Every structure is written in structure tokens, then in C-alpha cells.
Amino acid sequence: MKIEVCFDTNYDGIEAVGTGVLRCSDLNRTKYNRDDFIRRNKFVSFVIKTGITAVEKGFLDEFATLKELIVPASVTSIGVTDDTLRIFRENGVVIRGEFSSYAEKFALEHNLRFMHMDLELVRFGSYSGYGRTVVILKFSAAGTPRIYEECNSPGISASSMGGCSNSIPLPENFYNEMDAKAIGDLCWPNCSSDVAGNSRLKVFLERARERNGFIIYPEDRKQK
């Protein structure tokens, strides 16, 4: 299994890539430095990539500054210890995944905040060809929704890259105010019909309306 400190977003990002079970022994092959993160008071956003099916008990104990755990639909089991639950509680960890997935059930079981993960709506073309276009429904760490569009391709020289990006803010309760077509109408013309017809977006909007949001807080569950 490959684990990398790979990007900077709202927190320092760590990504696990592979297939099967994410085991404690996999930590021996990463440059992640637990003490360094604690010393710098840096929170960790841990991204589990599709293909991983489970997380071994004790694995998450290493990430003392864990703040966000992104769980794909391929994961069906996450082992926890008392230390894991203490980290979750003290850091206010948010679990991110898809509605009706193991991630949402895990958050419910452990009384944690759940937020839907970013949702890719369009991807076509190739970087090495005429260009690649991607459209993503994104949610910031604070829960701010937006549509992110990006198109990139090789530039005029072998070492350069051409392209552009666009960020479109959405209303906080866009899932109630907008359907897939209305969201598609905001996007680039060559993407709008694909966004409007995206079945995953339609399912997301339906389930967000049922839950009255894309963020579910523990206190919300207690009121139901």
C-alpha cells in the first residue's frame, strides 16, 4: 500500500492508494512524521482512495492531529481503538463519504459529524491530446459548496501547461433551490448537458433534500 503526503488543501493532505486492507505496517513506508505534525499543530486530512476495502484496527491511532477522514464507497470496515475514538472526539473529526455508504453509517455509529465528499460530475478528453476537462461539486472544510471547473493541456513547450479553471459559488441550501439542470446551466457550455444529466448528482440532490443538508451533525441526529 502506498501512503503519501501529497498536497496542501485546508489541512495537510495524506493519501492512501492501493487495494485491499490498509494495515499498520503500511505506515513504515510513508514520509509522514507524527511528531512534526504535532509540533507544528498541523491538522491532517486523510484521503482513502477507491480500491482500499478496510482499515486495520490501530492504523488511525498514528494520526494524532487527524481532522478529516475521506472514505470512498469501496471501504466496508474501519477498525477503531479507544485511542482512535479519543482522537475523533478531541479533534472534532469529520467523516466524508457518499450518502448511504459505510462512511455515513460509521459517522452515525460513532456520533461524528458527516459531510458529503467532493463529487466529480464530468471528466472527458486527455491531457496529452486536445485537453482534459473536469467538473467537480466541491465542499470546503467549512462546508461551503461550489462548482469547480478545470481544463488543461500541454502548453506551447514541453515544460509548460496551458489551461484555465473556474470556481462557481453555490447557495448554502442549493440542494433545495436547484435541480441538476440549473446547476448544469452554471457550467461551461461544453459541460452543461453532461452535468444536467449526471445520475450521481441527481441522487445526491435527492438524498440531501431527505437529510436537509450535505452536512449531518451529531446533535441533528439526537433531535430526530
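This is a predicted model: local features need pLDDT of at least 70, side-chain atom pairs count only at pLDDT 80 or more; totals for chains, interfaces and linings use all residues.
1. Cys 164 is in none, and the nearest cysteine sulfur, on Cys 151, sits 5.6 Å away.

2. Strand 2, residues 12-17, has 5 of its 6 residues buried, so the rest of the structure largely encloses it. Strand 2 runs parallel to strand 4 (residues 44-48), joined by 5 bridges; pairing takes at least two DSSP bridges between two strands. Across that pair, Ile 14 faces Phe 46 of strand 4.

3. Overall make-up: the protein chain has 8 helices and 14 strands. These are DSSP runs numbered from the N terminus (helices H or I, at least four residues; strands E, at least two). Of the 224 residues, 45% are buried.

4. Contacts and surface: counting contacts (heavy atoms within 4.5 Å) between residues at least 6 apart in sequence, 51% link residues at least 24 apart. The protein chain exposes about 11,600 Å² (Shrake-Rupley, 1.4 Å probe), with 47% of that supplied by carbon and sulfur atoms.

5. Housekeeping: residues are numbered from 1 along each chain as its sequence is written, and side-chain values use heavy atoms, leaving out hydrogens and water. Local features need pLDDT of at least 70 and side-chain atom pairs 80 or more, whereas totals for chains, interfaces and linings use all residues.

Notes: Buried means under 20% relative accessible area, exposed over 50%, partly exposed in between (1.4 Å probe, protein chains only). A disulfide is a pair of cysteine sulfur atoms within 2.5 Å.
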